[in-house]
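Welcome to this set of exercises. Try each task by yourself, then follow the solution step by step.

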Amino acid sequence: MENIKFYFALLSSKICLSLFKITGNRQDDRPGSLALRLYPNFLERVTKPKTVICVTGTNGKTTVSNLISTSLIKLGNKVAYNDWGANTKIGVARCLLDSVSIFNRPKKDICILETDELTSKDIWPYIKPNYIIVTNLSRDSMHRNAHPQYIFNEMNKGIIPSSALILNADDPISSFLGTNQNKKVYFGIDKLSTDHKKPYNSINDMAICPKCYTKLNYEFVRYNNISRVKCPNCDFESLKPDYLITKIDNEAKKIYLNHDKKEIAMPLINDSIFNIYNILSVITCLSTMGYTDENIIYALKNTEIVKSRYSSTTVNNITVSTIATKGLNAVATSTVCDYIANEKGNIELIMVLDDTFDNIDGSEAIAWIYDSDFEFINKDNIKKIIIGGVRNRDYRLRLLLAGIDDKKIVCTQNEMDTYKYIDTKNIDAIYIMHEVYFIKKSQQLKDLVINKILKEGNDK
Amino acid sequence: MKIEILYKEVCNLYGDLFHANYLKQQLKNFEVIETSLLDKPAFINPENNVKLVYLGSSSEEHQELIINALMPYKTEIKDYINNGNILIATGNALEIFGKQISCNEEEESRVIPCLNILSYETTRNLSHRHNSLFLGKFNDMEILGYKSQFTYTEITNNKDYSFIEVEKGVGLSPTSKNEGIKYKNFYGTYLLGPFLVLNPYFMKYLLKLLNEKDELIYEEASLDAYNYRLKELHDPKTVFGSKHE
C-alpha cells in the first residue's frame, strides 16, 4: 500500500511538473508541494542521486550553490539544482522530482540543494546530504531567525553524523556546527591588510567566549563576526583552516591556497572578500569530494558570479552603481555602508530600503536599522543622501542619529522619484543602495539617473 | 549624575543596543557607565548616584548569564527599584525581574528561576515566535512598537503592574489587556523599536522624571516619524496579528 501511495504521488507530481514546464513555469514549486501532500515522507522515500550537497548560511548560499553547480557540470556530472531560490522543504521536493525517473530511479549524478537555515532541520535528516556547506551565520530577520545562536541550535538539530561539513573557520559561530561524529573540513583566509584589530560594527554576535563568557580577544576582525578569536581565559579559539588562502593577487587574478602542505594558485573570479569566501567554500568542497587541483582550476576558469546584486555604468565621468542589500538584515546593510564609505571622490547616495514583504501588513518593523551601521556613511565626500519610500522619515531620523547633517538628506515617498534630486555637477559616483527585491526597479532607477546625467552633462 | 547601561556585550539584539547610543546623545549632562557581565553593577551602590539603568534584549542563553550575574545583588536591585529610581528593561530583559521562566521546549522542559523582585512568570516556547505590531496608551500617550519573541508573561498574585493599555495588538500574553510592567519607576516592556527612539513622548516623560528639559534631539524628525507611523497603525487595514510564524 505504501508503495502504491508513493508511486501515485511521484507520478502525479511528475505529470504536474511536466505541465508546468510546458507552460513555462519551470520554477513553480507546486509539484513539490503536491508530492509532499500526497506522500508526506516523500523526501525520505524518493531516490537521491549518489551525491547530495546542501548549501546554507546567512549570506552567500545562492552564489555558492550556483558556483558549485556550474563547476560540477563542467566536470562532467549531471546535476539537479534548485536554482530558482526555493530553499525550503517544498522547493527541495520539487528539485528531487527532477532528479528521478517515474520509476524512482536516479537520473542525475549530483543534487545541489540550497537550503534555508531555519528549515534545514526538516530537510537534512530525510535527504541525508553527503556534504553540507555552511557559508557563515550572522544576524538576519528578527521575525524569522531571532538571533544567530537560535539558528545555530536549529541547524544542529538537523545535522546527521554521516554528513561531511564544509565550514568557515573565520566565522566563530558557524564553524562550531556539528558533532564529533561529523567529518569537518574548514576553510579560511589569512590575515589581510584591510582587517581590523577589534570589532568596528555596532553589533557583535561574537563578543564573549561561549565556554567561559570572558570577553574575547581578536587576532583580526574582517567584518561583523567574520574574525579570528581567542579566549584569554580558556582554551576556546577559532579553528584552524584546512584550506587557507594566504595571498590574494588582484592584478594576476589569482588566489594562493595552502592545503596539505602545498601552495597552489587558483583563479580569482571575483575580488570582493565575500565572493572570495564563496569561491573558497566551493574549492574546499570539490577538493573534499576528491577532485584534483587541476580539475578545480579547470572548473572555475571562465566561471562568472551572477551580478544581479551589483551593477555599474559610467556616463559623463560619473559612475552609477546599484548595490543590493538584504531587507531586515543589519549585517548586509552595514557591509554595503562600509563599502560605499570606503569609496573615493564625491558621492551621492540613493537609498531605497523599504522591505516590500514586511510592509504588506501596513507598517514595517524597522528595529533592524538601529543595528545597522549608518554611521559609516557619515563622510564628507558623501554629499547627498536621497531616501525613497514610505519609511523615509524613519531613515531620516536614523541618519540624523548617526550624526549626518540634515542638509545632506532628501526624503521622498516614492522610490522612483529619488533620481529627481540628484546633482550631476561635481559628482564622481552615484550609488543606488536598494533592497534585494527591488532589483528590477533599481535598474529602472539607474536608467533614470543615467538619463538625467546625459541630459544635464557633467562639468567636472 | 549617572546612567548605567548593563551588559552591552550580550544585551544587543533587535535594535535595543541603540538605546545606549540614544541615551548618550539625549542625556549629555549625564555620565554613562557601561557595565559588562563580569563587573559589579554601579547602581547597586546608592553612593554612585545612578539615576537610570537600562537593560535590553538578549539571546535565551545569555539571558541566563544575566540572571546569574544579577542574582547576588537581588536585595540591592529591589531597594533601587523601591526607592523610585528608574530602571528600563526592554524585550526579554523584563522577564529577568519576575519569578521564573518556564521553558516548554520539545527537548527540554525546565524552569529558570529569575530575580523574583516582581510578581510575574514567563513561559517560553522556542518553536513559536510571536511577531506583531502594537499600539497602546500610557498616561494619554500613544505608545507604539513591534513584538518579536518566544515568550509570554503573566502577572501573578493579582498585582497591578499596568503599564501600557493595549489598543491594537497583543499585550504581555494573548489574554492580557496590558503590555509591559510598571512598578514605581521600573518600566519593562516587550516592545521593540527601539522603544525609546520610536516613542518620543515617552522619552520626554522620562526626561521629566530625570528633571531634565523635555526637549528631544532631532525632535522634529522624531515626531514626524512617530506621527506617520501612528497614522499607519490607526489605519483599519493595518494587520496587527502575528506574522512570520
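**Exercise 1. Two helices of chain A**

Which residues in α1(A) meet which residues in α2(A)?

*Solution.* Before starting, note that this is a predicted model, in which local features need pLDDT of at least 70 and side-chain atom pairs count only at pLDDT 80 or more, while totals for chains, interfaces and linings use all residues. Residues are numbered from 1 along each chain as its sequence is written, and chains are lettered from A and ligands numbered from 1 in the order in which they are written.

- Step 1: find the helices. α1 of chain A covers residues 2-22 and α2 of chain A covers residues 30-38. Helices (H or I, at least four residues) and strands (E, at least two) are DSSP runs, numbered from the N terminus.
- Step 2: list the contacts. From α1(A) come Phe8(A), Ala9(A), Leu10(A), Ser12(A), Ser13(A), Cys16(A), Leu17(A) and Phe20(A), and they meet Arg30(A), Pro31(A), Leu34(A), Ala35(A) and Leu38(A) in α2(A). Two residues are in contact if their C-beta atoms, placed from the backbone, lie within 7 Å.
- Step 3: sort them by class. This contact of α1(A) with α2(A) has ten nonpolar, two polar and one charged residue. Ala, Val, Leu, Ile, Met, Phe, Trp, Tyr, Cys and Pro count as nonpolar, Asp, Glu, Lys and Arg as charged, and the others, Gly among them, as polar.
- Step 4: look at the angle. The axes of α1(A) and α2(A) are 8 Å apart, and the helices pack at about 165°. Axes are lines fitted to C-alpha atoms, for helices over the stretch in contact, and angles run from 0 to 180 degrees between N-to-C directions.
- Step 5: name the arrangement. α1(A) and α2(A) are therefore roughly antiparallel to each other. Angles under 35 degrees count as roughly parallel, over 145 as roughly antiparallel, 65 to 115 as roughly perpendicular and the rest as oblique.

**Exercise 2. Another helix pair**

What is the angle between α4(A) and α9(A), and which class of arrangement does it give?

*Solution.* 

- Step 1: read the geometry. α4 (residues 61-74) of chain A packs against α9(A) at about 45°, with the axes 9 Å apart.
- Step 2: name the arrangement. α4(A) and α9(A) are therefore oblique to each other.
- Step 3: find the residues that meet. Thr63(A), Val64(A), Leu67(A), Ile68(A) and Ser71(A) in α4(A) face Asn275(A), Asn278(A), Ile279(A), Ser281(A), Val282(A), Cys285(A) and Leu286(A) in α9(A) as contact partners.

**Exercise 3. Where the chains touch**

How many residues of chain A are in contact with chain B, and which helix of chain A gives the most?

*Solution.* 

- Step 1: count both sides. Chain A has 27 residues in contact with 39 residues of chain B.
- Step 2: find the helices. α7 (142-145), α8 (148-158) and α12 of chain A each supply at least two residues to the side that touches chain B. The most come from α12(A), with six residues.
- Step 3: follow α12(A) across. The axes of α12(A) (residues 392-401) and α6(B) (residues 219-234) come within 8 Å and cross at roughly 155°. That makes α12(A) roughly antiparallel to α6(B).
- Step 4: list the partners. Arg393(A), Asp394(A), Arg396(A), Leu397(A) and Leu400(A) meet Ala221(B), Ser222(B), Asp224(B), Ala225(B) and Tyr228(B). Five nonpolar, one polar and four charged residues take part in the contact of α12(A) with α6(B).
- Step 5: check the confidence. The predictor gives the complex an ipTM of 0.96 and a pTM of 0.93.

**Exercise 4. Loop residues**

Is Lys344(A) buried or exposed? Where does Asn270(A) lie?

*Solution.* 

- Step 1: count neighbours. Lys344(A) counts as exposed because it has 8 C-beta neighbours inside 10 Å. A residue is buried if 20 or more other C-beta atoms lie within 10 Å of its own, exposed if 12 or fewer, and partly exposed in between; C-beta atoms are placed from the backbone.
- Step 2: locate Lys344(A). Its loop runs between α11 (330-341) and β14 (347-352) of chain A.
- Step 3: turn to Asn270(A). Asn270(A) is in the loop between β11 (262-267) and α9 (273-289) of chain A. With 19 C-beta neighbours inside 10 Å, Asn270(A) is partly exposed.
- Step 4: find its contacts. Leaving aside neighbours within four places in sequence, Asn270(A) is in contact with Asn275(A) and Ile305(A).
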